[in-house]
Structures are given as structure tokens and as C-alpha cells.
Amino acid sequence: MLDTSVVASVDPIPLPAPTWLLTFFLLFTFVLHVVPMSVTLGGGFWAIWAAGRADRPAYRELAARLGRWLPYWTAAAVTTGVAVLLFLQVLYGPVFYAASVVLAWPWLSVIGLLLVGYYGYYFRAYRFAKNPTAAFYVGVVAWLAFALIAFIFVNQMTLMLHPERHLGLYLASARGLHTNLAEPTLLPRYLHMLVGAVAVAALWVAGLGALALRRGESEAGRAVLVLGATGFISATALEMLLGFFLLLAQPHEVLSVVASGAAGPLGLVLALALALSAMRILLKARTSNSPSTAVLVGAGHLVVVIVLMVLIRHLTRQATLGGALAISAMPVAPQWGLILAFVVLLVAGLATVGWMLRALSLAKAARPG
Amino acid sequence: MNYPVWELEMGGGLLIALVAVTHVFVSHFAVGGGLFLAVAEARAYRRGDEALLAWLKRHSKFFALLTLVFGAMSGVGIWFTIGLVHPAATSALIHLFVWGWAIEWVFFFVEIASSLVYAATWERLDRRTHLAIGWIYFVSAFMSLVVINGILTFMFTPGHWLVSRSFLDAFFNPTYWPSLVVRTLGCVAFAGLYVLATAWREPPEHRASLARYAAWWAIPATVAGPLAALIYFRAAPGAFEIGGAIPAAAHALKLVMVAAVLYAVLLAAVALLARRRPRLVSLPVGLALLVLGYLSIGSAEFIRESLRKPFVIGNPSGGYLYVNGLTAPEVEATRQGGLLARAKWVTPPSERVGDDRAAGAQIFRVACRGCHTLGGYRAIRNLVEGKPVDTIATMIRTLEKRRGHMPPFPGDEGEQRALARYLASLGGAVEVPAEPSTGEPLAAGKKVMEGFCLSCHVLDGPAQDNPLKPKIKGWSADLAYDNVGKLSKLNAAMIDFDGSDADRRALAAYLSHLGSE
């Protein structure tokens, strides 16, 4: 492999906003994306798990309920993911596009896999009652498609941080059939993300159990709550272990840069403390008579943990890229009028969606029974 | 040059076309179908038409499954594809339009949310609220088109932005409004088309009324479409030179005309005969309408794409970025200082081995691979097969002056030669070593003729191959000398001779000799 670092020149058209604002939107939309993405991936896992034990009515009902909602979570994951890719490309284009050409076919296959996963989840949702066996197997295929998408994303997101590998791989073959399997952080990073998704979705399962308990379904509700809480605690514990391995897999220079400031170590300690606290809360919720509050508080903890992990991920990305891409030196010509229009429309859009959800909620409350 | 070029033997342009046309076919339905659902739902309430209402419930589920999943995913697919095939252009668009895309994303987000709620809440919401959500869906979907249209048309007609670099000039470019009208009509027509294509699933007694109602949507927009397209073409420079850039575009124009006429006839037949013969509204007719609609829009999009050449952002009258990902100043720089010296994604000079054909292969990848393949789509082999190196070198030297709206070759003289040698090796032709000069003027003239004239002509053959011999029949040496000096005046499509006076005399002598055979 050539020991030559090649990075495309920065685009001569200036950035349409200050880099801090674009970075804020990149991280903000990524936080928005991580939640539905995790529920889509992890929820598929729990739906398969529950469907595999459908001889127990509580799990059969859980499998059906999870399956009904998975297409909606997928829609949210895709919609928010588009925004992340937009801000990622504008800031990291020189390394992002080069890495994607090197991985062209795997990267492009994401679209086909998305179609398989998305339609698979819809099939599962519509056919679960009529043909549970077909729905189960299609659900497995759909989940595998999403798990593969995640793997391809980890390949792309790690390769773009290593421009010193791009030219060697490209000159070996320009047909876009490479992967980034040689990356030492690849496997721990992928597993960290996968198990994290299972943990997030387990909290959703626990929430469904808590809601069932509120409806008076004591036996089924308790079973689902215990499943979700136990799943969350186990997956989070495993997640911590994988996080440790992920840290160890980082190059020394990256670790030393991340550890040199206050933000990295502080964020990591805080995230660990919050995750442990969430585990404790969910442990107690298993036997609580009104677990809804506990699950909500646990979810609140988790959201803060996700924000912290996204920030640490960003620090690691910056440290890994080093001076290869000087984002702060990119030319900037802010389009403030458009930025304002975007913010106003975003608020209006969120208000419109809020109005629709409120109308749904009112209609549900007004329904007899 | 700045980004690696993906070696895709099926051709990057073809891949983009397949993904984009499929997306356009569904996304226009996503907009027009939204309007159809809201208007038809209001009509069903007003008339108490329970059959229409029941059908709308089923149709909205099909609509959501097609547009939400396939429409949205194929839209993301275009983005992935252009990022792989034209990373420099994608980067330029994203830098200029990131807030436009962000605004479009807000509409997309509302569109997705309202579509999900609309399809799932027929029984759960009161009619007024449900209808309001239908309208929210349509408005957000249409606004999404309003924004994307600005970016799409900018790629074709960047207009005053080339000078001002203003976002508003880029967005409201010369073809923005005509394109918006054409696309809006397309959306309305496709709303009717999809209903006609799926109405066969209904009981025969409902098909006729459904088909006639759908025809009211499809036919006026289909008739108005070509008129709006004419206005669009008038705003588009070079639009009437269809086929000048890519010969296949001329075939596409014929295809779009034939498909559009057949489509309109079939639509009218279904609308007129559905009442008497409801079984005409059938699966084969539905499929035929879909195929004809797809061919119409696919060919139209292909033509629009071809008109941008030699630019990926721009058109023959001016542009920002050539199809090979280089700007005009970058081409100037590479012509002066060499392409390989500036290209990033080539073997470093210290590691280069082999003759200049190896360099030619790298030049081909950087300068030509964006559009051409070796033996697949727009195969370069077909263009150079059997041609001597001199002929190919002339073709390369005069790229921007030739038919096909090619960008100027972005390399120095040595690189022209290296590329010519590489391309000649593809077609099996070998470079003939330079013959020692015998002082024979005819031999020198023959060499000039092969290098210059045969870059466009064949020596002899059928008229469609543009043979040289019949054109020079009876020429004297003086006439040939005179004509060689004014080639572009003889025929505007011809390239002026750029050799020395001695070469011109030698060529004239040889042409005169050939013309007397």
C-alpha cells in the first residue's frame, strides 16, 4: 500500500454557513437519527426474539406490536439520516466522496438493502396475523439487511477518516469493490453500535410493558417489562465492555488527543455514570407497580448518554483525521437569509407534525372504550 | 482530477439515468397523487360517494407504500449515485444549496409524517381533520418539488450565477419557471395515470367511473405538457440541437414523441370506452400505460441531461464544471502544466513504470472515464477502433471543436500523444514507426491526411460513414490547397486545418492525387 495521503482540495465554492453552525446541525441531526435508527435495528432484533417465542401470548402480542411500529421507526430513521448525510458531506466532502468511491458498490448497495429492509418490515407488519411463519422469516431477512447497512456505514465512516489508505486501495482497483476490514476499530465499533441499538430498543420494549401494565394487563405487561428491562441491562453492560475494547482499539495518538482535553474524559465518565444509573433504574422498574416513570427517567438518561457519545465520537473523528482536513480553514460565505428561512420552516414543520399528532391523540382519547 | 473516478463498465451516466428516471416516475406521482387524494376525498364527501371513498382508502395505502418507501429510497439513491459518479459536481451543489436542501428536507419530513398519518387514519380521524392532513401532504410534497426544481434546473442553466455567484440567481435560473410548470403538469398527469393503471383491481361496475375521473386528470395535463415543454426548450440554450451532443438523444426524442402519442391515444381510448366496455380497464392496459409513461418521461429526462454537455453544471453556451469534473481554469492549468502532474488519483511519478501507454491509461481514467467506458456504455473502443495514432491524436487535440460537445482535452501535448497511443492499443491498431523521409510529397501528404482528415472521415465507403473520396473528386492541387485553408467555411461542422503550410501543401497534393483516382 502506498504511504501517500491524498485528500481532495476543498471546494472553491465557499461553505454557506460558519463551520460551527454546520457542525452543530451535523451533531444535532445525528442525535435525532441515532434514536430511530437504533429502534429500527434493535427493534427488529426484539421482534424476531419475541416472534420466536410466540407460543407465549405476551410475546406474541409483543412481536405483533413491535412489528406494527417498525415501518414508522424506519421512516423516521431514513428521514433523519438524510439530514445527517447532508451536513456530513458539506463539511467532510473531500474525504467522504473519496472513501465512497473506493467502496462504491458496497456503498451503493445500501439503497437496495434499505428497500429490502423497509418493505420487509412492512410485509411483516401486514402479514403477521395471517401468515406468522412468512412474516417471521421476512422479518429476519429485513433485520439482516439493516444490520448489513450498519456494517457498510461503519466501513465508510472509518475509511473516510484514513485518507492515507485511499490512494493505495484505489490504484489496486478502481472498480469500487473494497471494504475497510483492515481497520482495527471496525469490529468493536460495529458491535458497539449494534449492541447499543439492541439496548435502546430494549427500553422501548420495557416501555411497551409499562404501558400494558397501565392498561391492566398485569401478567403480559410484567413479562414484557421484565424482558425489556433485562434486555436493556444486559445489552448496556455488554455495550460498556465493547466501548472499552473500542477505546483500546484506537491508535495511541488519537487516544492521547481525546484524553488531553477536559471534554473527552469528562464526557466518558458522565456517560458511564448515567448508563449505570439507567441500569439501576430499570432493575428496580422490573418489580415496580408503576414502572412508567422509571422507564421514562431511564430513557431520559439514555438520551443524555447518546448526546455524550455523539460528542465523544466527534472528538475522536477530529483526532483521527488530524490535520488531513482543516475544516476551520475552509472559505465561508454565510447565507443568513436562507438559514433563517430554514429555522422558521423547521419550527413550522415541527408544529405541523405536532398538530397532526395532537389530532391523533385527541381522536384516540375520544374513541369509546 | 480532484476526486477518484469510479471505473464502472456499465457507465456512470447510464446508472444515474436508471436510478433518476425511476425516481422521477414515482416522485411526480407522489406530488400529483397527493393532490388527487385530497381533491377526490373532498369530492367523495360532497357527493356521498361511498364507493369512491372505499377505493381511496385502498389507494392511499398503495400510494404510501410506493411513494414513502420506493420514492423516498430511490431519491436517496440518486444522491448516492451522483456522489459516486460526479463527486466534484455533488460537492459544488451541496456547497451552494445546502440550505435549499435543508429546507427541502423540512418539507420531506412533513410529507413523510403526513403521508403515514393520512393512510393510517381514515377510520380514526374526523373527515375534516383527515382531509386537512391530505392537503398538508400535498402542499409539503409540492413544496419539495418547488425547491428541488431550483437545484435541478441550475445544473442545466446556471445563468447569471456564473457571474454573480448569488444563490437567488442560481435558484431562479432561466429554466426554473418553465421547468416547474412542466413538472407540475407531469405530476397531475401521473396522478391520473397511476389510477388508470391500478383501476383494474376494482369490481367492473366501479371501473368505468374511476377511469373516466382519472382521465380528467391525465388527459388535459398530457395535452398541455408538450406546449409547456416547448416554452421550457425556448428558455434552454442549445435545446434545438438535440442529438448534437449525444446522438442517442435524437433517438430519445423520437421515442418520447412516439411514446407520448401512443400514451395519449390509449388514455383517450380508455376514457371514452370505459363506460361501454369496463373490462378494457385491465392489467395489460394498465401496464401498457405505465410503460409508455415511463418511456415518455425517461426519454425526456435523457434529452434534458444530454443538453448539458460538455458541462455537468452548465450547457454549451457556458458552464461551471465540465463532465470530467474540471472547471475551465483547471483545464487551462492542466493544458499548460500537464494533467498527471496535477491529478491526485494517479500513480505517483516516483512509482510509474511502463511506456507512455501506461500513462495514457491513467489519463483516460482521469479525463474520459467520467462518461466513457472501454467496451460498455459510450464505449471508447468503438470510437477509435482501427484508427492510427495520428488520427486519434488529432481527435483528442480538437475535442471541443468536434461534434458531440466534448470538453477540451485537459492535458499537454505529450499527454495527448500518450492517450492516443493507449487508445490505439485498445482497437488493435499499432503505431507505424515514422518512415524515413523519401522526399516524396505524396507520402508526406498521405501521413497528414491520415492524421487529420481521417479523424472524422473514412477514406471511402457508404455515405453515412462520411467518406472523403467522393467529396474531393476532381480537386486540383490548387483547389485542394485553397479549400484546406477554409474548411469551416465549406462546412460549419468541419475543423479548421491547424498544420504548417508545408503540411497543407503536401496534403493538397495528396488530396488532388486521391481525387483523380
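**Entry 1: one loop residue.** I started with Asp496(B). I found Asp496(B) in the loop of chain B that runs between helix 18 (487–490) and helix 19 (501–515). I keep in mind that the model is predicted.

Is Asp496(B) buried or exposed? I looked up the count of C-beta neighbours inside 10 Å, and for Asp496(B) it is 12. A residue with 12 or fewer is exposed, so Asp496(B) counts as exposed.

Next I looked up contacts, leaving aside neighbours within four places in sequence. Asp496(B) is then in contact with Leu487(B) and Ser488(B).

I also checked a distance to Gly414(B). Gly414(B) and Asp496(B) are 82 residues apart along the chain. Their C-alpha atoms are separated by 22 Å.

**Entry 2: domains of chain A.** I turned to the domain assignment. For chain A, the assignment gives domain 1 as 19–334 and domain 2 as 337–369. I noted 26 Å between the centres of these two domains, taken over C-alpha atoms.

**Entry 3: where the chains touch.** I then looked at chain A against chain B. On chain A, 54 residues are in contact with 51 residues of chain B.

Which helices of chain A each supply at least two residues of the side that touches chain B? I listed helix 2 (57–102), helix 3 (104–127), helix 5 (163–172) and helix 11 (336–366). Helix 2 of chain A gives the most to that side, with 15 residues.

Last, I sorted the residues on the side of chain A that touches chain B. They divide into 42 nonpolar, 10 polar and two charged.

Notes
Residues numbered from 1 in each chain as written. Chains lettered and ligands numbered in written order. Predicted model: local features only at pLDDT ≥ 70, side-chain atom pairs only at ≥ 80, totals over all residues. Helix = DSSP H or I, 4+ residues; strand = E, 2+ residues; numbered from the N terminus. Buried ≥ 20, exposed ≤ 12 C-beta atoms within 10 Å, placed from the backbone. Contact = placed C-beta atoms within 7 Å. Domains from an automatic or database assignment. Nonpolar A, V, L, I, M, F, W, Y, C, P; charged D, E, K, R; others polar.
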